[in-house]
Each structure stands twice: as C-alpha cells, then as structure tokens.
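Biologist: I'd like to go through this one piece by piece. Can you put it on the screen?

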Amino acid sequence: MTLEGEGFLVHRPLPQGNLRQFDPFLLLDEMGPMELAPGEAKGAPDHPHRGFETVTYMLAGRFEHRDSQGNSGRLEPGDVQWMTAGAGVIHSEMPEKEFARTGGRMHGFQLWVNLPKKDKMARPKYQDVRAEKIPVVENKDGVKVRVIAGEALGAKAVIDTHTPIMYLHFTIKAGARVAQPVPKNYNVFAYVVEGEGAFSTAKRVAKRGQMVMFGNDGDEVEITAKTDLDVLLIGGLPLNEPMARYGPFVMNTKEEIQQAIEDYQSGRMGKIIV
Ligand code: MN
C-alpha cells in the first residue's frame, strides 16, 4: 500500500520492485474499495503532471477536479477521465463535497499512460466521458464488457488515444469464458478487480488485487471466470523510448526533467485560482 495526496491509501500493482514500467504503462493505482465515514474522504490537492496521461475510472464514490487552465469537472461511478497532461497541468483531485460530507463506498482506478517523445509537450487535453457514453456489450454467454479504449465484442471506444491502447472492463459470470483478440506486439496485463479467473495458459488462478502480465507474442487473451469475475484488461503498443522519471514528471532525458521542475517551480505550468 502507498499513501497518496493528503494521505489516502492506494494499492499500487505498478510500478512494483524492479518493474519500473510496463511500456507504455507507468503506474496503476487502485483506490479502495473502502467504506468511508462522513468527513473521512481524502484527495490529492494541487499537484503537477508533465509528459504523460492519467486515466481515472471510478466504480463507486464521486470526485471533482480543477486545473490550472480553468477546467473543472466531476467524476461519478462509471465515468472516465482521460487527461493528457502533455506540456503540463497543475490540478487537484478531491472528493466531491457532498460525498465527502456523507461518506460512502469509494472505489476507482488511475492508470498512467506514457506519451511518445513527439507528444510530451502537447497542449493539455481532457476527455471526460460519462458512464452512459462508454460502449457496453453483453453477449448471451455471460460476458459483459465496457470498452474504454480499443475494441471488444464488436464495439469501439469513443475515447481517442495518442498511441494504440486497449482498456477493457470485463464482467464475466462464473464458468463463462471470453477470448479477446489482442493486436500484435501489445504489452498486455489483466488486473483482477473482483473474483477469480484463469488467464490464457497461466497455470495459476489469479484473484482480486492480482495482476497478470502477458508476453507480447500472442494474438488473444483467454479469460475463464472461476467465480463471478470483474477484470480490467489493459494493453498498448510499447514506445521503446528512453525514460527519465521523477515523481509527476515523465520525460526522455534528465535535462527535460530538470526543465520540468524549473517550469513548475517558477509558475510556468500555471496556478489554480479558486
Ligand atoms: Mn493527478
């Protein structure tokens, strides 16, 4: 477990030990699931990002964000925010006021997706997608999928990505199975949100909170639900570029990191004015 922001606990399967990244993925945090008492919800006050994207996916609870460009918005259960930090934003990610007051169940994910060298200094951009706009497909075999990025069961995501990315949330009934095609050369991992499943040729069953990584030489991932199963299946084309990383800045060289720190400290990434 890791403490983030004002001190909320997250489960961070990536990075882990010697695994600094799973190119192009830099980090995966799971917030909760937890039951928050009134006034107990915490968030991450003003902080910067440069050189990558943050993808926030809420399953329970409500958050709001505000940034140095004057953007603000709210995330409710099922909503996705795909934020391209690019050249830099300073933002806050806080529990929505009413949710903080009442407390309740909180569960969500944040994935960091690296940007290729050519896009690291791109203009910051948000794709705020409400739950009802995320394509959902359910087949007669007991498999349901929410298509956040990429394609699955004939549905295509509404979110644009800088490099080819797949982000799927499968809900699979006990005993059901799905074979998800995976584009060639993608680095792919599964993260079990709830239940137990068997993945492709892996011998062991993976359970809630575990991550399964796949070699990039296959063309599909097979998932068999041992119990009712909720799983994220995430993949992308590796960038294969040098990485320099310091906290919220991910660039290609140490000099670019130094520049990011200077730009942040001198206020060139802007300020949040409430
Ligand atoms: Mn952030």
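Biologist: Which residue in β8 is the bridge partner of V55?

Modeller: W82 is the bridge partner of V55. Keep in mind that this is a predicted model.

Biologist: How do β5 and β8 pair, and over how many bridges?

Modeller: The pairing of β5 (residues 52-60) with β8 is antiparallel, over five bridges.

Biologist: And what about β8 and β11, how many bridges there?

Modeller: Five bridges, again in the antiparallel sense, join β8 to β11 (residues 125-129).

Biologist: How many residues of β8 are buried?

Modeller: Five of the five residues in β8 (residues 80-84) are buried.

Biologist: Which way do they point?

Modeller: V80, W82 and T84 point one way from β8, while Q81 and M83 point the other way. Both sets are buried.

Biologist: Is H47 buried or exposed?

Modeller: H47 counts as buried, because its relative accessibility is 17% and the cut-off for buried is under 20%.

Biologist: What is the relative accessibility of H49?

Modeller: For H49 the value is 2%, so H49 counts as buried too.

Biologist: Now the helix α2. How many residues does it have, and how far does it reach?

Modeller: α2 (residues 254-265) has 12 residues and spans 17 Å from its first C-alpha to its last. That is close to the 16 Å expected at 1.5 Å a residue.

Biologist: Which of its residues are buried?

Modeller: I257, A260, I261 and D263 are the buried residues of α2. Seen down the axis of α2, they fall within an arc of 165 degrees, so they line one face of the helix.

Biologist: What covers them?

Modeller: The cover over the buried residues of α2 includes β24 (244-246) and β25 (249-251). On the other side of α2, E255 and Q265 are exposed.

Biologist: Last one. What is the strand order in the open sheet of four strands?

Modeller: The order is β17-β22-β19-β20, with antiparallel pairing. β17 (177-181) and β20 (206-207) are the edge strands, each pairing on one side only.

Biologist: How many bridges join β19 to β20?

Modeller: Two bridges join β19 (residues 196-199) to β20. The bridge partner of E196 in β20 is K207.

Definitions and conventions: Residues numbered from 1 in each chain as written. Predicted model: local features only at pLDDT ≥ 70, side-chain atom pairs only at ≥ 80, totals over all residues. Heavy atoms only, no water. Pairing = 2+ DSSP bridges. Expected span 1.5 Å × (residues − 1). Buried < 20%, exposed > 50% of the residue type's maximum accessible area, 1.4 Å probe, protein only. Arc of directions from axis to C-beta. Contact = heavy atoms within 4.5 Å.
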